[in-house]
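Open the model in your viewer and follow the stops below in order.

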Amino acid sequence: MISVDTAIKIVTDKTEPLQSRAVPFENTMGLCLAQDVQSDIDMPPFDRSAMDGYAIIAEDTAHAPVELTVIESIAAGYMPTKKVSHGQASKIMTGAAVPEGANAVVKFEETEDIQTDNRVKILRSIDKGSNISKKGEDIQIGQTVLYKGMVIRPQEIGILASVGKSYVEVFPTPTIGIISTGSELVDVESKPSVAQIRNSNGYSLAAQARRLKADVEILGIVKDTKEEISGMLQKGLKKDILILSGGVSMGEYDLVGEVMKDLHTQIYFEKVALRPGKPVIFGRKDKTLIFALPGNPVASFVTFELFIYTAIRKMMGFSNPQRITIQATLETDIFVKRKRREYRPALFCARDNTWKVSPVEWHGSADLLATTRANCLLIVREDAQKLAAGQLVDVILLD
Ligand code: AMP
Ligand code: MG
């Protein structure tokens with residue numbers, strides 16, 4: 001049995017980023033760049049007014065107040081036609097090009113219109129360069145503005161638009177197939193008979209993968225027979241990642257591991273020192289990564305967040321693909337049962353200016369409802385004896 005940290009490392013090592021592709025920039029939100037991006041322009045592209053006001057020669061205001069003659073009005077999107085000389089001013093709007101001769105913009109609030117013959121009174125003296133954004137002060141032509149590996153957020157979308165990068169090379173999201181195994185499973189529309197339960201894992205796993213933008217197909221339910229499992233598993237081999245739930249424990253009808261081996265799947269691990277979720281198989285068949293998770297809903301949920309989360313994000317080009325942990329102050333004592341790493345559904349919140357965490361009431365790995373009252377997983381480390389209220393503990397934020 002290997003540790004959770006070793007298992008996550010194996011997943012990271014055995015997973016490769018997908019082949020990058022060029023995508024319309026608007027559709028790249030949340031993806032990782034697979035190329036550096038250069039600017040084809042200066043930003044600002046010209047000396048630009050940062051205010052609505054008057055473009056003037058700063059030295060003219062040394063003995064303000066002073067009256068100047070207004071020679072034109074420059075709107076954003078139009079080039080100035082007149083040079084500003086001493087004693088003159090051009091009315092200018094935010095975003096317009098500063099006219100030749102002028103070296104400062106004084107905002108309207110610091111001026112007074114004189115009703116007669118196009119004159120303006122400048123009320124205060126103003127420094128050279130005031131309210132002018134210099135050509136190229138933010139971005140220079142040819143400059144690398146975004147780098148390979150960066151995650152695209154709204155601000156990066158804006159930069160791609162600014163530099164005219166209408167198609168950009170990104171790492172795509174993986175295709176994922178999900179198979180639910182178990183002869184007791186029925187689908188959502190059915191009313192289960194006494195010996196049956198509804199398939200919930202198929203849907204919660206699909207939602208977990210879709211939250212990461214993966215392209216998910218729910219392949220359906222198979223009975224606990226080698227034929228059915230093997231048939232569906234082989235159908236799923238066109239996907240980048242295939243997820244199975246159920247049938248990986250020690251029971252007589254837990255056949256998923258055997259089927260994977262019969263199909264000559266390369267197995268990287270089969271058991272992790274983890275609660276919930278000890279039996280979890282990770283392997284590769286051809287180009288498809290296969291994860292076989294335990295059937296209990298919370299075990300399937302947690303093992304996805306630890307292992308499949310990491311694989312999806314590695315395929316998507318993230319440089320730190322695994323879940324990050326942060327620390328919070330524990331609000332209640334926790335008594336530790338086993339020497340396996342535990343992940344407990346817990347509630348994380350801000351109280352008294354710090355981050356606090358407390359476990360929610362939870363009856364074990366079948367109790368999915370408890371996770372609806374949780375927003376994080378509280379980590380009880382392998383070597384912990386007892387965790388006392390007031391101490392810092394590691395948590396993984398889920399939402
Ligand atoms: P298994 O890992 O196949 O031994 O299943 C462990 C427990 O999880 C059993 O009680 C199953 O009925 C339940 N289970 C298995 N698959 C699912 C599923 N897709 N949805 C909900 N519960 C499941
Ligand atoms: Mg089963």
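Start by colouring domain 1 (4-17 + 173-315) and domain 4 (325-397), with bounds from an automatic or database domain assignment: the largest pocket lies between them because both give residues to its lining. This is a predicted model, in which local features need pLDDT of at least 70 and side-chain atom pairs pLDDT 80 or more, while totals for chains, interfaces and linings use all residues. Residues are numbered from 1 along each chain as its sequence is written, ligands are numbered from 1 in the order written, and side-chain values use heavy atoms, without hydrogens and water.

Next, select Ser-249, Pro-294, Gly-295, Asn-296 and Pro-297, which lie nearest the centre of the pocket among its 31 lining residues. A pocket here is an open set of points on a 1 Å grid over the protein atoms alone, where a 1.4 Å probe fits, with protein on both sides within 12 Å along at least five of seven lines; lining residues have an atom within 4 Å of a point. The space amounts to about 560 Å³, taken as the volume filled by probe spheres set on the points.

Now show ligand 1. Which residues are closest to ligand 1? Of the 18 that surround it (a heavy atom within 4 Å), the closest are Glu-184, Asn-199, Ser-200, Gly-247 and Gly-295.

Finally, display the polar contacts (N or O pairs within 3.5 Å):

- Gly-295: a backbone N or O atom is 2.8 Å from an oxygen atom of ligand 1.
- Ser-200: a polar backbone atom is 3.0 Å from a nitrogen atom of ligand 1.
- Asn-201: a polar backbone atom lies 3.2 Å from a ligand 1 nitrogen atom.

Note on methods:
Polar contact = N/O pair within 3.5 Å; in protein donor to acceptor, adjacent residues only side chain to side chain.
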